[in-house]
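Take a look at the structure first, then read on.

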Amino acid sequence: MSKNKAPPKEPTKKTDANRRDFLRRGFAVGAGMTFVGTGGEPLSIPKWSRELGPGVAAQAYGAPSVHESGVLRKWLPWLQVARESSISFAPLQHLSGSITPNGLFFERHHAGVPGIDPGDHRLALHGMVDRPLVLTMEDIRRFPSVSAVHFIECAANTVLEWKSAQANSVQFSHGMVSSCEWTGVSLKLLLDEAGLAKGAKWLLAESADAAAYGRSIPLDKALDDAIVAYAQNGEALRPEQGYPLRLVLPGWEGSTNIKWLRRLKVGDKPWNTREETARYADLLEDGKLRQFSFIQEAKSVITNPCPEAPLEAMGEHTISGLAWSGRGRISKVDVSFDGGRSWHQCNLQEAIHAKALTRFSVPWTWNGQEALLQSRAQDETGYVQPTIDQLRAVRGENSIYHNNMITTWHVKPNGEVQNVQVD
Ligand SMILES: Nc1nc2c(c(=O)[nH]1)N[C@H]1C(S)=C(S)[C@@H](COP(=O)(O)O)O[C@H]1N2
Ligand SMILES: [Mo]
């Protein structure tokens, strides 16, 4: 078992002495019982039950409760090359269900967030098409819309864990994934409108920000389930997520989901942009570079408990987490309490969308002993999430992208949870 080396640790609320006290009480209540919240005293009447609250005008655009002020995206200062080339991680340990709130969606920018005026924004469709188009946002909204729930995961999510357990935090080990309901126009509809020329096979998608970020997309994908999205979770895209327009390629690596989309050029071969040669290609054990590994394979992680959410008391708990696959629906998630020796099938929370985050849970009685918690996802194609050793056997240790290994949380007798790797 290799322990983590550089823990970006969150401050814990309780002191160690408090924690021991809490666990003792948890044990006294939990011994031989399966309930939490005992006692029969009548409820007190708090201050807020005795006075009127502020009216509707207090919040024209709603914000979370002041008591949720710790629920935030975070970043690692040493991971930013510059302020403009930045990554923030979603707080998976605080999220419920399977939709990421817009303000907590992880971010990856290569040239900062541009301040685009939608009135001045245009989308060009050109190249090997019958009728080149230049569309305004108004034009785009006149097409029939589609809505679909999908995750976006950066191919570099879980990058720190290739050699050994590093990030003692689910936010930093897995927080480059988020999921929401996207609304926009089917890309197939726009391509039909422009008319594909004979021999057309690839599409270049390019952004309007200063990075002129571009990726080559096979036309098969563009004509399958791609969305040119202008909204997320019922409101306009957030500036960080590509306002006013982004490409959503369900299940494909984050990098192909071009934000601030301005240009779609149809061609017959890939363009070999920086982002598909020098970046987002996989260095294999034999020194060869694997190009175009578009799909985010099945992956899962336990978000409760986790390093940021230790166990507070012995007794009954619900282990819960998130699973996703770029190939379709999650069909099964198993959880192990003993580092992969035995497995228990989890409940999957409805609705289970294809290529979307799926919430799993399983009951567990914690008796205060050490445990090694793992989750293992399977998708509808039969693909099973690999162990880190299985992954290293194919990919070596020098890879950056597409680490979908089974993650292990080591539960200690005092309830603390640590990121470890088991052989
Ligand atoms: N224009 C543009 N599009 C972009 C990027 C970018 O920097 N600029 N980053 C890409 C990468 S690497 C990822 S992982 C996703 C992140 O999407 P998000 O910031 O909405 O989470 O956007 C992709 N699209
Ligand atoms: Mo990414």
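The largest cavity is lined by 21 residues, and Arg108, Arg246, Gly254, Asn257 and Lys259 are the ones nearest its centre. A cavity here is a set of points on a 1 Å grid over the protein atoms alone where a 1.4 Å probe fits but cannot get out, and lining residues have an atom within 4 Å of a point. Strand S3 (residues 107-109) gives the largest share of this lining, three residues. Strands are DSSP runs of E with at least two residues, helices are runs of H or I with at least four, and both are numbered from the N terminus.

This is a predicted model, with local features needing pLDDT of at least 70 and side-chain atom pairs pLDDT 80 or more, while totals for chains, interfaces and linings use all residues. Residues are numbered from 1 along each chain as its sequence is written, chains are lettered from A and ligands numbered from 1 in the order written, and side-chain values use heavy atoms, leaving out hydrogens and water.

Searching the whole structure turns up four cavities of 30 Å³ or more. There are pockets too: open sets of grid points with protein on both sides within 12 Å along at least five of seven lines. Around the second largest pocket sit 16 lining residues, including Ile87, Arg108 and Tyr401.

| Space | Volume | Lining by class |
|---|---|---|
| Largest cavity | about 250 Å³ | eight nonpolar, seven polar, six charged |
| Second largest pocket | about 370 Å³ | 10 nonpolar, two polar, four charged |

Now for the core. The largest nonpolar core has 89 residues, with Trp364 and Leu373 among those with the most contacts inside it. Such a core is a set of buried Ala, Val, Leu, Ile, Met, Phe, Trp, Tyr and Cys residues joined through side-chain atoms within 4.5 Å. Domain 1 (102-290) and domain 2 (299-420) both supply residues, so this core lies between them. The domain centres, taken over C-alpha atoms, are 28 Å apart. 38 residues from domain 1 and 35 residues from domain 2 make the contact, meaning heavy atoms within 4.5 Å.

Finally, Thr387 lies in the loop between strand S22 (371-379) and helix H6 (388-395). Is Thr387 buried, partly exposed or exposed? It's partly exposed, because its relative accessibility is 33%; buried means under 20% and exposed over 50%, using a 1.4 Å probe and protein chains only. Beyond neighbours within four places in sequence, Thr387 is in contact with Met405 and Ile406.

Notes. Domain bounds come from an automatic or database domain assignment. Grid points are joined across faces, edges and corners, and a volume is the space filled by probe spheres set on the points. Ala, Val, Leu, Ile, Met, Phe, Trp, Tyr, Cys and Pro count as nonpolar, Asp, Glu, Lys and Arg as charged, and the others, Gly among them, as polar.
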